[in-house]
Amino acid sequence: MALPPQHRLRGHRVFDRIYRQGLRLHGDLLVLRLLAAEPALLAEPLRRHPPSSWRCGVVVSAKVHKRAVRRNRLRRLIHAHLMLHPPSTTSPQWLLLSLKPGSADAEEALVLGECSELIRKAGLSE
RNA sequence: GAAAGCAGGCGAGGUGAUCGCAAUCGAGGUGGGGUCUGGCCUUUGGCCCGAUCUUGGGCUCGGUUGAGGAAAGUCCGGGCUCCCCAAUGGCCAGGCUUGCUGGGUAACGCCCAGUGCGGGUGACCGUGAGGAGAGUGCCACAGAAACACACCGCCGAUGGCCGGCCCGGAGCGAUCCGGUCCGUGCACAGGCAAGGGUGCAAAGGUGCGGUAAGAGCGCACCAGCAGCAUUGAGAGAUGCUGGCUCGGUAAACCCCGGCUGGGAGCAAGGCCCAGGGACAACGGUUGGCCAACUUCCCCGUCCCGUUUCAAGUGUGCCGCUCGAGGCCGCCGGCAACGGCGGUCCCAGACAGAUGAUCGCCCCCGCUUCCCCCGGCACCACGGCUGCCCCGGCAGUCCAGGUGACGAGCGCGGCGGGAACAGAACCCGGCUUACGUCCUGCUUUCACCC
RNA sequence: CGGGAUGUAGCGCAGCUUGGUAGCGCACUUCGUUCGGGACGAAGGGGCCGCAGGUUCGAAUCCUGUCAUCCCGA
């Protein structure tokens with residue numbers, strides 16, 4: 001299942017800022033980038049949302065797997081995991097999960113376990 | 001029954017529910033804005049209440065719709081948009097792996113129908129199929145020679161040489177000169193390309209005649225070429241006649257015919273500004289580097305000042321999905337396809353939507369127990385026969401029980417209902433990937449009637 | 001979306017233009033040398049040239065299709 005819109009990241013400026021200034025946490029299969037939310041960078045209609053505690057984007061590049069079907073399945077897997085185990089924060093945070101090459105061949109439980117581990121290391125889990 | 005060939009179809013089995021996502025429609029409430037009425041405050045004006053209109057990618061509820069036959073590879077052809085050139089038409093140059101014929105199409109290198117050639121026992125399949133009588137190049141090794149040649153070989157008719165008989169002449173004579181004819185003579189000039197050998201390929205093939213030996217030199221048949229006739233819309237097919245015999249390669253250059261404005265591609269191209277921000281030029285400041293320092297030069301980041309310009313970023317909006325569109329029926333055509341009528345609206349995202357779970361029915365696979373069928377093994381009882389009778393033993397028959405095996409259906413249980421693969425401006429093709437899937441036709445072989 | 005390059009021995013690469021013998025270095029095997037090893041010297045093995053068709057007498061080379069990998073630009 002997909003994340004609802006108030007928890008998704010949108011806009012190229014948002015992603016550029018996270019890539020340049022976000023705090024990076026590396027795992028074997030994933031990279032988590034973290035940045036305090038800057039609502040000014042969002043497009044105007046999205047700012048009228050009630051302030052959500054977190055937004056997250058999931059990036060699966062073509063280097064992870066050649067077939068688009070496989071990449072879509074991985075992205076849906078991470079989305080469903082975030083719906084079941086949402087990060088808990090006090091201040092609004094932006095997260096960006098990038099999958100590394102090789103994660104397409106790994107077990108699903110390994111990828112999801114590392115995802116939870118990275119969120120816990122970032123201090124976003126009780 | 002097996003093997004094979006061809007054509008076509010389908011591609012989350014049907015139905016329902018819950019959660020979640022995207023687009024769209026409707027309703028509700030809410031926020032913003034406009035107008036009007038009334039009230040309040042000190043006038044320009046502001047605030048409040050109510051009504052009405054409008055708007056919003058925010059909220060809630062409900063409805064509808066939601067990936068493919070290849071969406072893929074990006075190999076071709078277009079539509080559409082902008083720039084340059086021309087401004088209609090023709091010619092030249094350039095480009096094009098465009099190249100049998102006829103048709104289809106918006107167009108194509110695609111499709112359909114045929115012709116020739118090649119493959120297969122066959123159904124069928126493949127085909128890049130103009131020109132080597134315009135020129136250039138290449139044809140390794142071998143071979144004499146790969147576009148004009150002769151190694152072995154055959155002949156040596158005609159010339160030449162040698163020898164012999166005869167005739168004529170000169171001379172007293174030996175002898176010399178000339179000539180005709182002859183030779184299992186020589187093989188010098190020369191003739192030949194049949195045979196051997198080489199090679200993918202040797203200059204038409206086979207046979208007979210012919211010749212000194214041979215040769216399309218002549219003849220018959222065959223192959224090729226040219227002409228004519230018939231036939232076909234054409235590629236071609238069939239037949240007749242004629243003289244003649246010419247290597248291959250153009251997916252080597254090239255020649256001929258045909259086609260063709262060039263380039264970029266939806267990140268094309270256009271609109272709009274709220275907020276935010278300050279490109280570039282100039283001056284100053286700070287840091288890094290070559291070697292410790294200085295100067296100069298170079299590069300980068302940030303900040304400040306000032307001036308000029310009006311642009312830059314961003315799916316914020318348009319392009320954006322109604323189209324060479326799908327489905328049904330009739331008609332024309334062998335077919336590709338076309339015409340007419342009716343009917344339907346069927347994804348439009350922009351960090352990028354289709355997923356997860358469950359119920360019932362259906363289908364497939366595996367399996368326990370019960371039932372039934374088949375033969376097999378074992379057990380006990382009974383009947384009959386034989387060993388003279390009871391008994392005992394042997395054989396056989398009927399029914400019963402048990403055991404394992406094979407096959408089937410119902411019930412129950414478990415598992416499965418997939419594979420290849422994810423739209424991003426849109427179409428037409430091609431290619432590639434995929435299924436215990438479905439249907440039809442045909443061929444060959446085996447068996448039975 | 002557009003453009004380009006490369007697949008040859010275990011590894012890195014020539015050869016392709018102009019078709020005819022598949023080669024070089026390292027690695028491997030054997031022998032020599034040495035007390036032994038390395039280095040050195042000598043000899044040798046290993047390839048359907050990514051795959052499938054075609055042209056040609058003959059294809060790593062020419063043509064077409066296809067698969068895989070890599071790079072560049074907007």
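Tutor: Helices (H or I, at least four residues) and strands (E, at least two) are DSSP runs, numbered from the N terminus. Two residues are in contact if their C-beta atoms, placed from the backbone, lie within 7 Å. The model is a predicted one, in which local features need pLDDT of at least 70 and side-chain atom pairs count only at pLDDT 80 or more, while totals for chains, interfaces and linings use all residues. Residues are numbered from 1 along each chain as its sequence is written, and chains are lettered from A and ligands numbered from 1 in the order in which they are written.

Two strands pair if DSSP finds at least two bridges between them.

With β2 (residues 30-36), β4 runs antiparallel, and seven bridges join the two; L30 stands opposite L99 of β4. With β3 (residues 54-59), β4 pairs in the parallel sense over six bridges. Here R55 stands opposite W94 of β4, and the bridge partner of G57 in β4 is L96. Five of the seven residues of β4 are buried, so that this strand is mostly covered. A residue is buried if 20 or more other C-beta atoms lie within 10 Å of its own, exposed if 12 or fewer, and partly exposed in between, the C-beta atoms being placed from the backbone.

Let us return to α3 (68-84). Its 17 residues should span 24 Å at 1.5 Å a residue, and its end C-alpha atoms are 25 Å apart, which agrees. The expected span of a helix is 1.5 Å times one less than its number of residues. The buried residues of α3 are L74, I78 and L82. They lie on the same side of α3, because they cover an arc of only 75° around the axis; the arc is that of the directions from the helix axis to the C-beta atoms. An α-helix has 3.6 residues a turn, so residues three or four places apart point the same way. The buried residues of α3 pack against β3, β4 and α4, whereas A68, V69, N72 and L84 are exposed on the other side of α3.

The 14 residues of α4 should span 20 Å at 1.5 Å a residue, and its end C-alpha atoms are 20 Å apart, which agrees. V111, C115, L118 and I119 are the buried residues of α4. Seen down the axis of α4, these buried residues fall within an arc of 100°, so they line one face of the helix. They pack against β1, β2, α3 and β4, while A109, L110, R120 and K121 are exposed on the other side of α4.

A nonpolar core is a set of buried Ala, Val, Leu, Ile, Met, Phe, Trp, Tyr and Cys residues joined through C-beta atoms within 7 Å. In the largest core, of 23 residues, those that touch the most other members are L30, C56, I78, L95, L97, L99 and C115. In soluble globular proteins, nonpolar side chains tend to be buried together. Leaving aside neighbours within four places in sequence, C56 is in contact with L3, H7, L9, L82, L95 and L97.
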